[in-house]
Amino acid sequence: VVMSEAAHTSLAYWQAGRGDAAFRLFKGSILDHMYMGLCPGNAGMTSYFDMARGEAQRDFADSAGVLARALVEGLFGIRPDSLSHELLVQPGLPSQWNHANLRHADFTFAFRRAALTETYEVEPRFPTSMRLRLRVPALRDGVAKITVNGHKAQWRVIDDSVGLPLIEIEGSAADRYRVVITWKGAVPTTVKVAPLVATGAVLTPQLGAGKLLEVADPQHIFGELKRGSKSLRAVAIGTPGHRTAFAKVRQGEMSWWAPVVFEIRPAYEIRPTVTQDPDALRFALRNNTKDAVDHEASFSVGKSHYDFRVKVPAFGDSEDIHLVATGMLPGSHRVEVELGNGKTVSGLVVNWKLKADQPKATAKWDCLNLTSLFNDQVTRIFKNEYLRPRSPYVSLAIPKQGIGSWVHWDEKFEVDDAGLRAAADRNRGRFVLPQGIPFETPGAGNSRNIAFTSQWENYPGEIIIPLNGKARHVYLLMAGSTNQMQSRFDNGEVVITYADGSNERLALHNPTTWWPIDQDYFIDDFAFRRPEPIPPRVDLRSGLVRVLEPTEFKGKGGRVGGGAANVIDLPLREGKELKSLTVRTLANEVVIGVMAVTLQRD
């Protein structure tokens, strides 16, 4: 929705040799702003799709500048270097275009394609005389003839080009260049590979007419690699996600690096249903292998076990599975499934609609006393001056009070914990969630009630809480800050360490498990998509607890008067002796605090 960001990304695609992807994004942004908005031809800041600002600011300098650069340097590839007396022209025209023209104050550019002959015409009008260096993608794997201004020209292959083979043609300084290229041979090959591969599965990318010269695997995703003359064989390994390796290919007179692009997923996944029931866990099984599943399976959730037949198609999802929540607690549940023949899958399913007092859900609560670790009042989070560490140079760092932005440098927010303290005061120092989970927290008064951590020197980087004994579950009441610049990555972490040295980790991730004290996230299906379960929110001023459904919360969000804390949780390994709980801040410019910790003992 921000034209300058779309144009910058388009330029990056062009610089990486991905012209078709660059142009799709570039064209979409131009249509949004210049053709479909309120002002024809506008290079605005934001388009009408922006949910907060709508179409804003006419011919915004940020947008106009990078839009012009993306057009000239990216789409048409004109990159003059007067100091070196060189004019590099590397067009990023979409592959299906047969003609294109650009008239500019400093040059004109024209391109025509007729069958296997391409003509490039460049007329520079720069103050400095420059030699030409033209780089173009190869239409075929051989060159029949190349002329520059009617004379036979030399050319060479750009050996390290990525995506498509490139050739480079040079011409001495002239008032005008007319480069004619006649191609011959076959169309350069593209790598064919399955778009989805399960971890541990074999993949066999095919190179078609290309001959494999070399393999580059910067993300370490190929295991047991075996190279053939026109293919390779490997086992998919490494971190799941969209991944890319590269195959050096030679075909005809051309050589280049061909991307091998695919997604790695676990062989089987548990896919929680967005909407949960108050008496069951709902989820589906996803099968990322080529073999269908159709047999008896064993499901385990804590001490509860279920056996029934499941059907999951190859590369598909099962129907919704419902496990009756007998003996289950509110929050996160580790579901483990035995699919037979050594096939297993485990994952978390979160349901905050369950109650701790349901039949057979007997709970022994151990509310930890954190008084000796508290280092501040939660209401003071934005009363400090956060001065170090900061860049000694001009930067757009968060304002010194820890909230705001470069355009809202004097922003203020008053945290008011009167409701939380009053509720705890009425219940002898305990605040109890509607689900039945108790937390120990100070009542009325102004005593310290939070242990803050931060990369700012105001607070320690981490807090370690000693533990002992065994437990099934841990619940935390937490509050702190986060900002736009900390979105979509881990701001901090909660780590449970067992006596044997093993541990469990809960990522404090913006915007899934870590929410800011001053506001709720805005969620929709477009720019702010977030389908994961929402942690319960404790409104500090009123003491009310909100359990929010992602589907019901769409289109909402914004400031929370007085602030709100998060309730997060982690299922533990039953029977393992506990050693410690660590709350740690990872990101700059945020403050992460723990207000209460409760263990559910066996």
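Glu 121 is partly exposed at 23% relative accessibility, where partly exposed covers the range between buried (under 20% relative accessible area) and exposed (over 50%), with a 1.4 Å probe and protein chains only. The structure is a predicted model, in which local features need pLDDT of at least 70, side-chain atom pairs count only at pLDDT 80 or more, and totals for chains, interfaces and linings use all residues. Residues are numbered from 1 along each chain as its sequence is written, and side-chain values rest on heavy atoms, with hydrogens and water left out.

The side chain of Glu 121 meets that of Arg 178 in a salt bridge of 3.9 Å, N to O; such a bridge is defined as a side-chain nitrogen of Lys or Arg within 4 Å of a carboxyl oxygen of Asp or Glu. This pair links distant parts of the chain, with Glu 121 in strand β5 (residues 117-124) and Arg 178 in strand β11 (residues 177-184), 57 residues apart. Strands (E, at least two residues) and helices (H or I, at least four) are DSSP runs numbered from the N terminus. Arg 178 counts as partly exposed, at 39% relative accessibility. By the stated rule, the salt bridges number 41.

A further salt bridge, of 3.2 Å from N to O, is formed by the side chains of Arg 573 and Glu 504. Arg 573 is partly exposed, with a relative accessible area of 34%, whereas Glu 504 is buried, with a value of 11%. In the salt bridge between Arg 546 and Asp 520, the closest N and O atoms are 2.7 Å apart. Arg 546 lies in strand β37 (residues 545-546) and Asp 520 in strand β35 (residues 519-520), so the pair ties together parts that are 26 residues apart in sequence. Asp 520 is buried, with a relative accessible area of 6%.

Val 494 stands opposite Leu 506 in β34. The two strands form a hairpin with four residues between them, and Gly 501 in the turn has a positive phi of about 95 degrees.

Ser 255 is placed in strand β18 (residues 254-265) and is buried, with a relative accessible area of 7%. Its side chain is joined to that of Asp 159 by a polar contact of 2.6 Å, a term for a pair of N or O atoms within 3.5 Å, where within protein one must be able to donate a hydrogen and the other to accept it, and residues adjacent in sequence count only if both atoms are side-chain atoms.

Asp 416 lies in the loop between β27 (364-367) and α4 (418-426) and is partly exposed, at 27% relative accessibility. With residues up to four places away in sequence not counted, Asp 416 touches Thr 379, Leu 540, Arg 541 and Gly 562, contact meaning heavy atoms within 4.5 Å. The C-alpha atoms of Asp 416 and Gly 210 are separated by 67 Å.

Notes. Two strands pair if DSSP finds at least two bridges between them.
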